[in-house]
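Hi everyone, thanks for coming.

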Amino acid sequence: MAFLQSAPEPATAVPIKLDPVSLVLHASGPVFLVVWLLIFAAILVWVIAVLKVLQLARLASLQARFEQESAHAHSPDQLFALAQRHADAPGARVVMELSRRVGTSRLLDSIAKRAIVTETQRASALMPTLSSIAAASPFIGLFGTVYGIMDAFLRIGQQKSASLPVVAPAIGEALIATAIGLFAAIPAVIAYNGINKRVDDLLAALEAASEGWVEIASLSARGMQESIPLALQRSSDRPTPVMPKG
């Protein structure tokens, strides 16, 4: 009798609280991975958005300063000197590419376009990641939702009951996965559209200004042609003297 009285009572299962934090922490395996993957994606969206806003603000400020000073440049030497002074500006990097070649306006225009492509790639860094998060997060959350609903039906079959304590945890974690997927996707879409607009504005201003830089840079080639002595240019037009026969 004493042994029976001293025997410990069987431990009762602690019910899971139906708040978002408890549902995330006690989620089943696949839903647990989906939820934390989406949480990481949501944090990454804000990190990328802040970095891109700071980068584009810096590039736009440097570009505006360079364009303001380059508007007063009337010779290739002045333009190239300004580009060396503002080496971090996107337009300055385009002008530096022009300074490495001497040729016609058509040749320099192709060099400027290639340099602008490089600046486009630099300004668009991390944008594919933002786009991928915006597109994939709802579907990842939907996968967690589908698995959570399946888990709820499996619990109904195992417990032979469809009561709220049986199905509520599985359905709750399924809905949490959907909510976190939207929480990652919606800011990603808004950030992508806003940042992409600023990138397009920066590149449009760069392309418009590059036409003037090409014309100024091509003056060096024209100056080289004009510096050739006129006698040398016409030497090919003179008839070759005929030597008398001995």
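I'll talk about the salt bridges, and then about one serine in a loop.

A quick word on where this comes from: it's a predicted model, where local features need pLDDT of at least 70, side-chain atom pairs count only at pLDDT 80 or more, and totals for chains, interfaces and linings use all residues. Residues are numbered from 1 along each chain as its sequence is written, and side-chain values use heavy atoms, with hydrogens and water left out.

Okay, salt bridges. Side chains of opposite charge can pair when their charged atoms come close. Here, the term means a side-chain nitrogen of Lys or Arg within 4 Å of a carboxyl oxygen of Asp or Glu. How many salt bridges does a search of the whole structure find? The search comes back with 7.

One of them pairs Glu69 with Arg85, with 3.6 Å between the closest N and O atoms. Glu69 sits in helix 3 (residues 29-70) and Arg85 in helix 4 (residues 76-85), so this bridge ties together parts that are 16 residues apart in sequence. When I say helix, I mean a DSSP run of H or I with at least four residues, numbered from the N terminus.

Are these two side chains buried or exposed? Our cut-offs are under 20% relative accessible area for buried, over 50% for exposed, and partly exposed in between, using a 1.4 Å probe and protein chains only. Glu69 comes out partly exposed at 29%, while Arg85 is exposed at 58%.

Next, have a look at helix 6, residues 105-123, where Asp109 and Lys113 are 4 residues apart, or about one helical turn. Their side chains form a salt bridge at 3.5 Å, N to O. Asp109 is partly exposed, at 29%, and Lys113 is exposed, at 53%.

Asp201 is partly exposed at 41%, and Lys197 is partly exposed at 47%.

There's also a network of salt bridges, which links Arg93, Glu119 and Arg122.

Now for that serine. Where does Ser161 lie? You'll find Ser161 in the loop between helix 7 (127-159) and helix 8. Ser161 is partly exposed, with 26% relative accessible area. If we skip neighbours within four places in sequence, Ser161 is in contact (heavy atoms within 4.5 Å) with Ile156 and Val166.

Technical notes
Helix = DSSP H or I, 4+ residues; strand = E, 2+ residues; numbered from the N terminus.
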